[in-house]
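Reader: I'd like to learn how to read charged pairs and nonpolar cores in a model. Could you walk me through them?

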Amino acid sequence: MSKPAPLPHLVVIPVFAGINALDVTGPAEVLALATRLLPPGAAGYDIRFRAERAGLVDTFSGIPLHVGETLREPPVRPDTVLVPGRVDVGADGPVPRVDDAVVAWLREVGPEAGRVASVCAGAHVLAAAGLLDGHRATTHWATAARLAADHPAVEVDADPVFIRSGRIWTSAGLTASMDLTLALVAEDHGDDLALDIARVMVMYLQRSGGQSQFSVPLTHCTGGRADLRTLRRWIADHLEADLSVSVLAARVTMSERNFARVFRAETGTTPGAYVEQLRLEAARRLLERTDQPLPAVARACGFGSVETVHRVFRDHLGATPTEYRRRFRVATT
C-alpha cells in the first residue's frame with residue numbers, strides 16, 4: 001500500500017489596502033519557485049491570500065491584487081502566516097498603518113499557526129495583535145522607534161535584515177522579504193534549495209539575518225548643525241586620515257569636550273563609534289566588491305592594522321573578514 005502524498009505547507013498571507021505589493025509578491029515568488037524546484041512527491045507550498053472582502057485590493061504602487069478568500073473563511077491552522085505592511089509617507093515622515101480586521105484575525109489564528117512572520121511594517125500589525133510581546137523583533141529602520149514606543153513589551157532591534165525569535169520571524173523593509181523567505185525555505189528544505197532559488201532569482205548577495213539593513217549615514221539624523229553635516233561628509237571622504245576627537249574638534253573650532261557633547265546630541269552616538277561604523281561599512285564594501293588583500297583594505301579604511309579589522313568585524317558582525325568576504329562576495333563577470 002503506497003503512502004499518502006504529504007500535505008503541502010499552508011502559507012496564508014493576509015492583505016489590506018495600501019500594502020506594498022513587493023511585500024506580497026516577493027515572498028510568494030520565492031515560495032512558488034521552491035515548490036517547482038522540489039523533487040517529485042515532496043510537499044511544496046500552498047499559498048493563499050485573504051482579505052476582509054474578496055475582490056481587488058489596492059496596493060501602494062497602484063497594482064491591484066485579486067484576493068479570492070476572506071478573513072471570515074472557516075478557520076484553518078496555517079503552517080506559516082506571513083504579514084505584509086503598509087507605510088504612509090507624509091510631511092511628518094513614514095507612518096506605519098495597522099488594519100483592524102487583520103489584527104483581529106491574527107489574534108484568533110496566530111497563536112495556533114506553526115510560525116508567524118512579518119515583512120517591513122507588518123511587524124506593527126503583529127505587535128498590535130500581541131504576537132510580538134516578549135520577543136526580539138525588527139522592522140523597517142524608519143518605523144522602528146515607533147514600534148518600540150507603541151509596544152514596550154517588544155524588544156525592537158532596528159539593525160538586522162531579519163530576526164527569528166522562536167516561531168516568530170520579522171524582517172526589515174521591502175527587499176528583506178526575499179531574504180526572510182529564503183531563510184524560511186532553508187529551514188523547511190535545507191540550504192541547498194534556498195541557494196538554488198537565489199541563483200535562479202539572480203540574488204547574488206544572499207544576506208543573513210544578522211547583516212545590517214542600512215548604511216551608517218541612514219542610521220543618524222541628517223538635520224541639525226551645518227558645520228557637523230559638513231564634517232560628517234569630510235569624515236566619509238577621509239577614512240584613512242587621523243580622525244581622533246582632537247582632530248575633528250579642531251576642524252569645527254570646538255573644544256574636545258564640547259565637540260563630543262554636541263556630536264552625540266546631533267547623531268545619537270560618539271565620534272569614535274561613528275568613525276568606526278563608517279570604516280566598517282567601507283571595509284565591508286571593499287570585501288564584497290574587490291579582491292584587495294586584507295592589509296590594503298585596512299589601510300584604505302583607516303583601521304591601521306589587520307588585527308583591528310578582525311576585532312571590529314568580530315564585535316559588530318560576529319564573523320572574521322575572510323568569512324564575511326566568502327559569504328557576501330558580489331559575483332562579477
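**Charged pairs and cores**

Author: Happy to! Arg86 and Asp88 join their side chains in a salt bridge, at 3.0 Å from N to O. This is a predicted model, where local features need pLDDT of at least 70 and side-chain atom pairs count only at pLDDT 80 or more, while totals for chains, interfaces and linings use all residues. Residues are numbered from 1 along each chain as its sequence is written, and side-chain values use heavy atoms, leaving out hydrogens and water.

Reader: What is a salt bridge by this rule?

Author: Side chains of opposite charge can pair when their charged atoms come close. Here the rule asks for a side-chain nitrogen of Lys or Arg within 4 Å of a carboxyl oxygen of Asp or Glu. The count comes to 15 salt bridges. Asp88 also meets Arg97, at 2.7 Å from N to O.

Reader: Which residues touch the most other members of the largest nonpolar core?

Author: A nonpolar core is a set of buried Ala, Val, Leu, Ile, Met, Phe, Trp, Tyr and Cys residues joined through side-chain atoms within 4.5 Å. In the largest one, of 61 residues, they are Val15, Val81, Leu106, Leu132, Val185 and Ile197. A second, separate core has 30 residues, including Leu248 and Met254.

Technical notes:
Buried means under 20% relative accessible area, exposed over 50%, partly exposed in between (1.4 Å probe, protein chains only).
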